[in-house]
Amino acid sequence: MSVRLDVTAAPAPLPSAAHVVRRPGGWANPHAAGVGLGLVLLATYVVMGRGLGASGAYASIVAWAVHALAPAHAQANAYFRDYLGRGFGHPLAAWLVFEVLGVALGGLVSGLLAGRVRRTVDRGPRAGVAGRLAFAFAGGVLMAVGARLGRGCTSGQALSGGATLNAGSWAFMLMVFAGGYLLAAPMRRQWR
Amino acid sequence: MNAPFYALGAFGDRASLAVALVIGFAFGACLERAGFGSARKLVAQFYLDDLAVFKVMFTAIVTAMVGLQALGAAGVVDLALVDLTPTHPLPQAVGGLVLGFGFVVGGYCPGTSVVGAATGHLDAWAFIAGLLGGTLLVGELDPWLGRFVESGDLGRRTLPEVLHAPAAAVVAAIVVIALAGFAGAPRIERRFATPTREA
């Protein structure tokens with residue numbers, strides 16, 4: 001019996017392939033991405049006098065929605081009233097809402113160019129889809145509470161406040177890392 | 001001094017929204033390039049086998065911090081006009097802790113979840129739904145939550161003021177600590193690497 005080589009078959013994986021620690025997925029060198037991000041932040045300070053942000057955009061959107069459904073209720077609430085007033089003429093014409101819209105577009109274009117836009121549920125090898133989505137939702141709720149107490153999130157406080165040597169931002173940032181490491185062990189099944 | 005441009009009235013509110021869109025675009029592209037549209041990439045920071053979050057964040061902080069201090073010293077940017085949110089030590093420390101919990105539970109933060117959602121990650125959409133629900137919650141709880149948020153106001157407060165040290169010394173110390181962290185990071189990543197982990 002002769003041995004026939006099937007050239008159309010996919011090559012067998014190398015024995016070591018299963019032990020490759022990380023497949024970077026074409027991501028940029030973290031320091032290169034960091035310099036890029038730092039220059040964007042610097043440009044934001046030079047052009048605007050303010051830093052980057054994210055959680056404030058959600059506050060504007062929620063305040064606008066509450067006001068649309070129950071105007072008197074929103075106006076009676078100091079928090080919603082504050083965000084309703086941050087837009088230029090309209091609650092959604094706020095700086096952070098437009099910035100976050102840009103983040104979505106920039107992320108989408110960058111992802112498309114790299115071939116990384118795919119409908120997936122990003123989860124650990126032992127996590128189920130429903131569980132992952134439930135934890136993601138719960139994490140979002142916790143983030144909203146944390147961002148309210150901390151006066152901003154990873155973008156507005158840790159990154160932007162960190163670069164301006166804001167004392168409260170540095171305290172906040174160190175506690176973000178502390179919180180993450182504290183819950184890393186109980187959350188291990190979700191991620192590893 | 002002719003910067004910050006917007007704070008000095010070089011352009012109006014409407015134009016600032018166009019600027020926001022452009023800056024946001026660049027911000028989102030940087031996050032996506034770094035791999036931060038992926039929850040697994042982000043939370044790897046807390047399992048120590050990929051410290052990209054630390055590397056990207058501290059490279060960015062050092063870049064912007066040194067740039068801002070240099071432009072301030074050169075008289076290009078009036079640092080007194082640069083936004084600094086007031087420091088409230090206790091609520092901010094508690095907020096950081098809760099936000100850190102949310103990070104490892106949910107896998108994203110408010111900014112990166114937008115990139116995750118834009119690149120098709122359904123878990124990022126669930127995270128955003130939670131974020132919107134949570135924002136509604138903190139809004140409704142504002143009558144009593146707001147009092148804690150506003151407690152212990154120290155006003156505009158910088159690290160050099162708190163540490164009683166010159167700004168240049170604090171900047172230099174942060175740069176040295178960051179560089180030491182960058183040098184040590186690969187060793188930590190190798191130590192905690194999971195052999196069978198898929199990308």
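Chain A has nine helices and zero strands in its secondary structure, where helices (H or I, at least four residues) and strands (E, at least two) are DSSP runs numbered from the N terminus. The model is a predicted one, in which local features need pLDDT of at least 70 and side-chain atom pairs count only at pLDDT 80 or more, while totals for chains, interfaces and linings use all residues. Residues are numbered from 1 along each chain as its sequence is written, and chains are lettered from A and ligands numbered from 1 in the order in which they are written.

Of the 192 residues of chain A, 55% count as buried, a residue being buried if 20 or more other C-beta atoms, placed from the backbone, lie within 10 Å of its own, exposed if 12 or fewer, and partly exposed in between.

Two helix pairs can be set side by side; axes are lines fitted to C-alpha atoms, for helices over the stretch in contact, and angles run from 0 to 180 degrees between N-to-C directions.

| Helix pair | Angle | Axis distance |
|---|---|---|
| Helix 2 (residues 55-69) of chain A and helix 5 (residues 95-114) of chain A | about 115° | 8 Å |
| Helix 1 (residues 30-48) of chain A and helix 1 of chain B | about 165° | 9 Å |

The angle of about 165° makes helix 1 of chain A roughly antiparallel to helix 1 of chain B, since angles under 35 degrees count as roughly parallel, over 145 as roughly antiparallel, 65 to 115 as roughly perpendicular and the rest as oblique. The residues of this contact divide into 13 nonpolar, three polar and one charged, where Ala, Val, Leu, Ile, Met, Phe, Trp, Tyr, Cys and Pro count as nonpolar, Asp, Glu, Lys and Arg as charged, and the others, Gly among them, as polar.

Within chain A, A:Gly56, A:Ala57, A:Ser60 and A:Ile61 in helix 2 meet A:Leu96, A:Val97, A:Glu99 and A:Val100 in helix 5, two residues being in contact if their C-beta atoms, placed from the backbone, lie within 7 Å. By class, this contact has five nonpolar, two polar and one charged residues.

Between the chains, the contact takes 118 residues from chain B and 116 residues from chain A. On the side of chain B, the largest share, 20 residues, comes from helix 1 (residues 13-34) of that chain, and the whole side has 72 nonpolar, 33 polar and 13 charged residues. B:Ile61 touches A:Gly38, A:Leu159, A:Gly162 and A:Ala163, not counting residues up to four places away in sequence.
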